[in-house]
Amino acid sequence: MTPGLHPTSGGLAAVSSALLAMSRHLEVRDVLKTIVASARDLLDAEYAALGVPDDHGGFAQFVVDGVSDEQWKAIGPLPRQHGILAAMLHGAQTERLADVRKDPRFGGWPDAHPDMSDFLGLPIRDGDEVIGVLFLANKLCAKPADGGCGFTADDEELLTILAQHAAIALTNARLYERSRELTIAEERSRLAHELHDAVSQKLFSLRLTAQAATALVDRDPARAKDELQQVAALAAEAVEELRAAVVELRPAALDEDGLVATLRTQIQVMDRAHSAHVVFDSCGVRALPAAQEEAMLRVAQEALHNALRHSGADRVDVVLEKRDDRVRLSIADDGCGFEPGGVRRAGRHLGLVSMRDRASGVGGRLTVDSAPGKGTTITMEVPGA
């Protein structure tokens, strides 16, 4: 804290909490929402917003706090870069105004837009680049007798500190997302290669077996029948390979539907597609950070793939539940089970390494409980509010 600011210990705690909250998230959208909510709370404003500019005179992302979903839908399209917003983006200057509506650069707002008067806004910089603009409106306090702005010089200094840390958090989140995009691209390339190899082998075997059945159909009908049964089995295996790859390659609808709905939908499909009964249950889980939701979905897919392909299970139970300050995902099957240590010694991982990496990458942990003849339970836990 700079010498000009003298907050109470409670104020210092609030600032510390805000900075920690910003650094905790890895997804850009989560970071933006945390910055806006923290700024509005710290400076006691009625409204707060943060815009990330695009390269076409508009905003790639625009996050608000203090406006209801109904109001936001009624307001309409995202704002363009004009007026005060343009001044902060291109002039890179902090703006503190007693009444934004009286500023000559003010261009009005849509009918559904809430009324705003006193205003504090500043750019968020990464070096010389302006990567966003953060602003607050309607300080919740008695206005100065001289009609001045409710936001003070101390508020401006505090928001400047917040913006400096916001730039770091936002830059880190962008780097994380780029890294994850590269990882996803590599994973899809690997899956495509595996799919090509696996299905090519199955189709080659299917072709040879069909040829053998054709040659035998006249002189040895019984053997020809056996070969045709093998053709059917190979075709079914090829379909399974394709189905498993499609499930992994298809983008999950997490952004639109969330983890619970996405899991429920995918498990309903798996229940219909496989002989094993696959059941899903959820209790007390709402939205989680995007990185945690994706990690949990991928772990569930990997564990279900193992259970349905390798365990011979008649039933698989998937449970997602809130337990105190953690969220737990468990995938339990009644299949043949295995010795986890033996799998590691044999150099076969059944995706366990990947699942553990996904769990630890979002601050969670993964446990495997299995034994020959006893089925398998894979559990992933992550911190959850």
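## The largest nonpolar core

In this predicted model, the largest nonpolar core holds 37 residues, and of these Leu-263, Met-296, Leu-320, Leu-329 and Met-380 touch the most other members. The elements that each contribute two or more residues to this core are helix 7 (254–273), strand 6, helix 8, strand 7, strand 8, helix 10, strand 9 and strand 10, and helix 8 gives the most, with ten residues.

Met-296, once its neighbours within four places in sequence are set aside, is in contact with Leu-259, Leu-288, Leu-320, Val-327, Arg-328, Leu-329, Met-380 and Val-382. Apart from this core lies another, of 30 residues, among them Ala-39, Val-52, Leu-136 and Phe-151.

An open sheet of mixed pairing is formed by five strands in the order 6-7-8-10-9. Strand 6 (277–283) and strand 9 (365–370) are the edge strands, each pairing on one side only, and from one strand to the next the twist averages 10°.

Strand 9 pairs with strand 10 (residues 376–383) in the antiparallel sense over six bridges, and Asp-369 stands opposite Thr-377 in strand 10.

## Helices packed on the sheet

Helix 8 (residues 290–310) packs on the sheet, where it touches strand 6, strand 7 (315–323), strand 8 (326–333), strand 9 and strand 10, and its direction makes about 10° with that of strand 8. Helix 10 (residues 352–361) also packs on the sheet, touching strand 9 and strand 10, with a direction that makes about 145° with that of strand 9.

Key: Residues numbered from 1 in each chain as written. Predicted model: local features only at pLDDT ≥ 70, side-chain atom pairs only at ≥ 80, totals over all residues. Heavy atoms only, no water. Pairing = 2+ DSSP bridges. Helix = DSSP H or I, 4+ residues; strand = E, 2+ residues; numbered from the N terminus. Axes fitted to C-alpha atoms, helices over the stretch in contact; angles between N-to-C directions. Contact = heavy atoms within 4.5 Å. Core = buried A, V, L, I, M, F, W, Y, C linked by side-chain atoms within 4.5 Å. Buried < 20%, exposed > 50% of the residue type's maximum accessible area, 1.4 Å probe, protein only.
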